[in-house]
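Please look over the sequence and the structure before reading on.

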Amino acid sequence: MNSTKNLVPTPMIYSTMALSIIGLIGNMTIVLATVISKRLQSRCNILIGLLALSDVVVCTYLIHLRVLMFLDMYMLTSTQCFLLSAYGLFALNMQSSLCLIIGLDRLYNVTYPLRYSQLPNSFYIALFLFCVGFSVLITYSGYSYASDSEIVLVCLPPTAYTDKSRIIWIGSNFIIAILVIFVYGGAQIRCRILRARHVHEQSMDAVNRLLKSLSIVVTIYVCTWFLTISSLVVSQLITFSPPVTAEINRQLGWLVIINASLNFFVYLWRNSEYRKAFIRLYGLSRLFSVENTSIDAATRVMKSSHVRVA
């Protein structure tokens with residue numbers, strides 16, 4: 001067993017686990033904020049909440065994998081690796097498909113604002129069920145090709161899929177990633193056109209605020225998940241030596257974790273509604289109100305002193 005100790009460096013296990021825990025807390029915060037804040041219960045915000053819920057499961061799965069590494073549980077059969085990973089792989093597929101649905105929602109909103117408001121909730125339920133069906137199908141393909149005869153050195157998302165199921169997973173997620181980029185790009189172009197024409201100025205203000213957040217999210221998506229899937233596509237097309245392939249899979253873990261962990265910080269930074277909900281959720285609203293009161297009082301004192309001196 002000692003020969004397996006260096007398969008993943010200990011500092012890397014600690015650092016990726018710490019980032020996964022941060023992502024878990026951040027995504028749980030988004031989910032709770034969506035539940036308690038009525039202003040965050042629009043259809044798009046609910047989709048974002050569902051995406052955060054998927055990321056909660058993904059981060060839990062990534063922590064789970066690091067625990068296996070701490071326990072020196074390497075050299076698993078592909079069946080064992082898949083069964084340990086099934087819930088996390090399902091959540092990764094939900095994450096991927098929900099990103100596309102959110103992008104389509106924003107694109108339709110800015111393209112047909114009047115029709116958008118008339119869309120029935122049943123339409124969104126159908127979209128969500130599509131995401132569930134897609135995730136079940138892709139995840140099940142991994143189980144159908146898992147084998148007790150194949151040994152997986154390190155159990156990670158890319159290694160949990162074997163044989164044709166790996167091609168199915170990589171190919172489907174690569175197509176979705178391309179579509180996500182085009183959809184968000186289309187939404188941005190449409191927003192600029194409407195802004196130039198000064199069409200629906202009030203409603204566009206709200207849409208633009210959300211799009212700013214989503215634009216950063218999709219930038220992170222491109223630099224993390226899209227780069228991950230693209231690298232896996234390359235590794236399928238070009239045969240690398242086993243050590244190189246193993247190193248690629250290890251390093252891609254960083255991108256998967258970052259993709260699942262940063263949305264909380266984006267919404268905290270770029271979206272005032274989420275920021276207010278987070279502050280209320282953690283009981284910081286009183287602290288902020290006290291600080292604002294102190295600042296106002298100090299300002300009044302300075303002004304009165306200035307008047308007396310004059």
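The sections below take up the model, its fold, its core and several individual residues.

## Basis and confidence

This is a predicted model, in which local features need pLDDT of at least 70 and side-chain atom pairs count only at pLDDT 80 or more, while totals for chains, interfaces and linings use all residues. Residues are numbered from 1 along each chain as its sequence is written, and side-chain values use heavy atoms, with hydrogens and water left out.

The predictor's confidence in each residue is expressed as pLDDT, from 0 to 100. The chain has a mean pLDDT of 85, and 83% of its residues reach 70 or more. Confidence is highest in helix α5 (residues 121-145), at a mean of 96, and lowest in helix α12 (residues 285-309), at 48. Over residues 290-299 the pLDDT is below 50, and this stretch has zero contacts (heavy atoms within 4.5 Å) beyond near neighbours in sequence. Where pLDDT is low, the predicted coordinates should not be read in detail.

## Overall fold

The chain contains 12 helices and two strands. Both kinds of element are DSSP runs numbered from the N terminus: helices are H or I over at least four residues, and strands are E over at least two. From the N terminus on, the order of elements is α-α-β-α-α-α-β-α-α-α-α-α-α-α. Among contacts between residues at least 6 apart in sequence, 82% join residues at least 24 apart.

Of the 310 residues, 45% are buried; buried means under 20% relative accessible area, exposed over 50%, and partly exposed in between, with a 1.4 Å probe and protein chains only. The chain exposes about 16,000 Å², of which carbon and sulfur atoms supply 68%. These areas come from the Shrake-Rupley method with a 1.4 Å probe, and for residues only the protein chains shown count as cover.

## Annotated regions

An unreviewed UniProt entry places the feature "transmembrane region" at residues 12-34, 46-64, 84-104, 124-146, 166-187, 214-240 and 252-270. Such annotations may be inferred rather than shown by experiment; their positions are given in the numbering used here, and feature names are shortened.

In the model, residues 12-34 are 100% helix and 0% strand, with end C-alpha atoms 33 Å apart. Residues 46-64 are also 100% helix and 0% strand, and their end C-alpha atoms lie 27 Å apart.

## The nonpolar core

A nonpolar core is a set of buried Ala, Val, Leu, Ile, Met, Phe, Trp, Tyr and Cys residues joined through side-chain atoms within 4.5 Å. The largest one here has 75 residues, and those with the most contacts inside it are Ile30, Val180 and Tyr221. Its largest share, 14 residues, comes from helix α2 (residues 43-70). Leaving aside residues up to four places away in sequence, Ile30 touches Ile48, Ala52, Asn263, Phe264, Tyr267, Tyr274 and Phe278.

Val57 is found in α2 and counts as partly exposed, at 28% relative accessibility. Beyond residues up to four places away in sequence, Val57 touches Tyr87 and Ala91.

The loop between α2 and β1 (76-77) holds Asp72, whose phi is positive, near 60°. Asp72 is buried, at 9% relative accessibility. Met75 is placed in the loop between α2 and β1 too; its phi is near 55°, and it is partly exposed at 44%. Most residues other than glycine have a negative phi.

## Two buried residues

Ser96 lies in helix α3 (residues 78-111) and is buried, with a relative accessible area of 0%. Not counting residues up to four places away in sequence, Ser96 touches Asn173, Ile176, Tyr221 and Trp225. Ser96 and Tyr221 are 125 residues apart along the chain, and their C-alpha atoms are separated by 9.6 Å.

Leu232, in helix α8 (residues 201-237), is buried at 0% relative accessibility. Its contacts, apart from residues up to four places away in sequence, are Pro158, Arg166, Trp169, Ile170, Asn249 and Leu252. Leu232 and Ile170 are 62 residues apart in sequence and 6.9 Å apart from C-alpha to C-alpha.
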